[in-house]
Amino acid sequence: MPIIHLDMDYFFGACEELRHPEFKGRPLVVGTSPEKDKHKGVVQTCNYEARAFGIRSGMPTAQAFKLHADLVYLQEDYDYYDGMSRKVHDLLRGYNFPIEQMSIDEFAIDLGSMGYEEAERLSGEIKGRIRKELGLPCTIGISCGKVFAKMVCDDAKPDGLKTVREDEVREFLSEKGVGKLPGIGKKTEERLHEIGIEKIGDIAKANVIELMDRFGIFGKEMYELANGIDESKVIEKYDVLSIGREATLDEPTRDAVKINSKLSELAHTVKEEVDKKGFTFKTIGVKVRFQDFTEKVKSRSLQNYSNSEELMYRTAVDMIAALIGGKEEYVRKVGVRVSSFSGGKGQKRLF
Ligand code: TTP
Ligand code: MG
């Protein structure tokens, strides 16, 4: 019953290297702020060349530049990464196994009754296709449960492929620090240290009643995981968080006719996507990027669920006008996004 956990390597960074091959091999950071404010934001991710200098996700970019001044810096472009994530998802879907998307760059796949050798061969094929067809590196972990597969994947990063079978799991886990077990954060880690539990192997040997006294039901879960029992299931989810598109205007402008015509195109494409999934939406959002690279966003919630393109377009026009009114810069780029979905083709109730 192998489960695959696939996690893209330095995902936002790898997507940027794909469209900017000239940056490949140089330390690169993707951050939250526009280029001109690059010292003000936070590092979303960085490539492994940057990690060699100690730079990490979540770190203030100012600190990253202190660790290494000569960094390639790019502001995040979420829609582009979301599009690449969708391509990975589509490629995986072609194999017809249940897939759970766990984040923008992580997927769990249930291979059912397949043997481990075949699972490893198939994983190699998937990894190769993602590299060849999409130009992106990833790492795959294979094990007998969703949590274990993720841990194996973390262990094999970057550009890795690794299997840990049922009979090897306890040994794989035993020497790892308790903090490596998904679900154990800083606080729980400290509380475990207080009672002399440092490694996952120590949890396996602990008294389960005592663990439950201290940590409730999670005490039992960590005990079971530490002993090689991982019953978490791959659950296909159909709820997408949001659907949106953005586009650069032919030339920077403040002309409402030109801007609204672009909004109309975007609303049309978004509406097509929404229809493909059979959704209705309750929230409409817009984004505008000005000539000076600053951005503004605004969103509005409707009273009722809707799938009207007209309503999406009118609301977007209204909100964009409000955003542009407050500033004198020319507009370079606009975006439309809908969220808070209901419905969906083939949607399953999860709970
Ligand atoms: P991760 O998979 O955690 O990180 P990664 O893909 O950049 O690197 P690797 O898997 O090789 O260790 O996260 C996926 C993306 O999510 C990442 O590229 C950027 C984004 N992200 C943030 O925006 N903020 C964060 O704090 C983290 C950890 C990730
Ligand atoms: Mg990743």
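What arrangement do the 6 donor atoms around the magnesium ion (ligand 2) form?

## Magnesium site

In this predicted model, the 6 donor atoms subtend angles of 79 to 178° at the magnesium ion (ligand 2), which makes the arrangement octahedral (six donors, with opposite ones over 155 degrees apart and all others between 65 and 115). The protein coordinates the ion through Asp7 (OD), Met8 (O) and Asp105 (OD), at 2.0 to 2.2 Å, where donors are N, O and S atoms within 2.8 Å of the metal (3.2 Å for Na, K and Ca) and water is not among the atoms.

Along the chain these donors follow the spacing D-M-x96-D. Aspartate 7 belongs to strand S1 and aspartate 105 to the loop between strand S5 (99-103) and strand S6 (106-110), so the pair ties together parts that are 98 residues apart in sequence; strands are DSSP runs (E) of at least two residues, and helices (H or I) of at least four, numbered from the N terminus.

## Surroundings of ligand 1

Oxygen atoms of ligand 1 lie 3.0 Å from a polar side-chain atom of aspartate 7, 3.1 Å from an N or O atom in the side chain of glutamine 44 and 2.4 Å from a polar side-chain atom of threonine 45. Strand S1 (3-8), helix H1 (11-19), strand S3 (43-46) and helix H2 (48-51) each give two or more residues to the shell around ligand 1.

## Basis of the values

Residues are numbered from 1 along each chain as its sequence is written, while chains are lettered from A and ligands numbered from 1 in the order in which they are written. Local features need pLDDT of at least 70 and side-chain atom pairs 80 or more, whereas totals for chains, interfaces and linings use all residues, and side-chain values use heavy atoms, with hydrogens and water left out.

Terms used. Polar contact = N/O pair within 3.5 Å; in protein donor to acceptor, adjacent residues only side chain to side chain. Tetrahedral: all angles 85-135°; square planar, octahedral: opposite > 155°, others 65-115°.
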